[in-house]
Amino acid sequence: MSTALHKDDRVIDLGRAHLVAMKELCSSLVYAALLTDDGFEVVRLTKSEIDGGRYASMASSMQALSEAVARELRIGSGEYTIIASQSGHVVQLRVPGHPLVLSALFDNDETLGKALASSRQTAEKIAAVLTAVP
Amino acid sequence: MAEHVILFAGPMGSGKTTAIETLSDIEVVATEAANTERDIVDKPTTTVALDYGEIVLGDEEKVRLYGIPGQRRFDFMWSILRERAEGMILLVNNDAPDAIATMIEYLDEFGELYERGGVVIGITRTDISRTPAVADYSRALAKARPGLVVPVLGIDPRSAEHMRMALMALIINIEMRETWSTREAETV
């Protein structure tokens, strides 16, 4: 049985490197997590008051519900899930081709467009590296 | 049309999604994700938000069926869906480690549903693990929570007959409680 992604050091290390790079590109990034489809945190950029395990579980549920709604409405597969709030926005999306989700919290200094673009870019980079890993 | 909201609870692998699929008249809304914990329960996917189905009983009763994730890390979904529910079918897989203790834990967690409408307990996978016997669950329940009147049934979530029997038992219980509550209110 292969190692679970959230316990795989290679996945944790490359995830961390990409989240750090994402933060360097987007100063408004407050929190970011890479998680498994079923809600286990792989790695996160910390914000101390956020419970990482709970965030990962909620992000997993949110991803699954978003995709269930998209299926029900027959509008194709979900691209992003977005929560826009007074003090920030959460953007999350799948890491293409892998049972992983990238979830990120930005403050309001960021435009939603840039948040979406940097999230997508990071997810695609993680996917490319994971696919290349033997 | 009268409506009821029923919660399906129980540990991962107890058969909640299958039970709702068996009962539902509509295509079930499922939120399955790849299961990372194959070492704990060896199944490819697991529910991470909810399952939703519907069944119409007779001409006049629509029952909304909600399944919750079995893992405690999703307990925020338990809280959300518990608020809506009138009763619960608790499924416990007989091959779970310490299945009887698991049953008691879930009953305590969802005790308000017993108070609100009722609970039916279904013991699943008795074909995989013969012990404990269904009667052992009833005895343990009577000892741990005396005064609690909860039917305990051996059940196969794939069986429409079994699942309808469990659901009907619960709905009848809920409706009897509603009738009693109405009578009490009229008396006062």
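**View 1. Pairing of strands S1 and S5 in chain A of the predicted model.** Strand S1 (residues 29-36) of chain A is joined to strand S5 (residues 100-107) of chain A by seven bridges, and the two strands pair in the antiparallel sense. Within this pairing, A:Leu29 has A:Phe106 of S5(A) as its bridge partner.

**View 2. The open sheet of chain A.** Five strands of chain A make up an open sheet, arranged in the order S2-S1-S5-S4-S3 with antiparallel pairing. Strand S2 (41-45) and strand S3 (81-85) of chain A are the edge strands, each of which pairs on one side only. From one strand to the next, the twist averages 10°.

**View 3. Helices H1 and H2 against the strands of chain A.** Helix H1 (residues 9-25) of chain A lies across S1 and S2 of chain A and runs at about 30° to S2(A). Helix H2 (residues 52-73) of chain A packs on the sheet, where H2 touches S1, S2, S3, strand S4 (88-94) and S5 of chain A. The direction of H2 makes about 70° with that of S1(A).

**View 4. The buried face of helix H3 in chain B.** Helix H3 of chain B spans residues 99-109, and its residues B:Ala99, B:Met103, B:Tyr106 and B:Leu107 are buried. Because the buried residues of H3(B) fall within an arc of 100° when seen down the helix axis, they line one face of the helix. An α-helix has 3.6 residues a turn, so residues three or four places apart point the same way. Among the elements of chain B that cover the buried residues of H3(B) are strand S1 (2-9), strand S5 (87-93) and strand S6 (119-124), together with helix H4 (111-116) and helix H5 (134-144).

Note on methods: Residues are numbered from 1 along each chain as its sequence is written. Chains are lettered from A and ligands numbered from 1 in the order in which they are written. This is a predicted model: local features need pLDDT of at least 70, side-chain atom pairs count only at pLDDT 80 or more; totals for chains, interfaces and linings use all residues. A residue is buried if 20 or more other C-beta atoms lie within 10 Å of its own, exposed if 12 or fewer, and partly exposed in between; C-beta atoms are placed from the backbone. Helices (H or I, at least four residues) and strands (E, at least two) are DSSP runs, numbered from the N terminus. The arc is that of the directions from the helix axis to the C-beta atoms. Two residues are in contact if their C-beta atoms, placed from the backbone, lie within 7 Å. Two strands pair if DSSP finds at least two bridges between them. Axes are lines fitted to C-alpha atoms, for helices over the stretch in contact, and angles run from 0 to 180 degrees between N-to-C directions.
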